[in-house]
Amino acid sequence: MIGTIPRRLFLIVSVFAFLATGARAFEIEKTEFVVGLSDGNYDPIYLPSDVVPLLPDRACFGWRIKISGDEKLVFTREILKLPEQPEYWSGEDDKYSTSQISEDRTTAITDEYLPVVDGWVENYWCVSEGDPIGDCLLEVYFGDVPAGRFEFEIVSAD
């Protein structure tokens, strides 16, 4: 039994060292920024666009990044910058949230592991009542490596 402890410890240390270095066995093949609309009765249909209508509970936006390799999970850092403070940030008052909100409340930084499905890593946000209109920026990192930079605009739906 004592002989297995060093092997287990070595394995655990190796896994943490691998994760900490951000070592990857994949390359980025494609990046997309998409906008989705729904009537509230079904999942949004997403299409490439850089214009997001301010339609609370109906409009969503997000990124998709296609990677090569056989990764199952990717550690991501997502930085979403809005032109002004929204009325509400999802997870803002949740101490277990994966997002941290900047002091001026214009930026959310989200660190999390995301699954790779059919080679795609993706994440989405939906607009809410009280979100600001204007130019926005969404930056995505895989570990410390830039993976995507998306400039888009939230526009009034009136």
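What is the volume of the second largest pocket? In this predicted model, the second largest pocket has a volume of about 230 Å³. Its lining comprises 15 residues. Closest to the pocket centre are Trp89, Ser90, Trp125, Cys126 and Ser128. Strand S8, which spans residues 120-126, supplies the largest share of the lining. That share amounts to three residues. By residue class, the lining of the second largest pocket holds 11 nonpolar residues, three polar residues and one charged residue.

Backbone angles were examined next. Arg105 has a positive phi, near 65 degrees, although this residue is not glycine. Arg105 sits in a loop. The loop runs between strand S6 (99-101) and strand S7 (107-115). The relative accessibility of Arg105 is 18%. Arg105 therefore counts as buried, since the cut-off for that class is under 20%.

A positive phi is also found at Asp118, again a residue other than glycine. Here the value is near 55 degrees. Asp118 belongs to the loop that links S7 and S8. With a relative accessibility of 68%, Asp118 counts as exposed, because exposed means over 50%. In terms of accessibility, Arg105 is buried, whereas Asp118 is exposed.

How values were computed: Residues numbered from 1 in each chain as written. Predicted model: local features only at pLDDT ≥ 70, side-chain atom pairs only at ≥ 80, totals over all residues. Heavy atoms only, no water. 1 Å grid on protein atoms, 1.4 Å probe; cavity = no way out; pocket = protein on both sides within 12 Å on 5 of 7 lines; lining within 4 Å. Points joined across faces, edges and corners; volume = space filled by probe spheres on them. Helix = DSSP H or I, 4+ residues; strand = E, 2+ residues; numbered from the N terminus. Nonpolar A, V, L, I, M, F, W, Y, C, P; charged D, E, K, R; others polar. Buried < 20%, exposed > 50% of the residue type's maximum accessible area, 1.4 Å probe, protein only.
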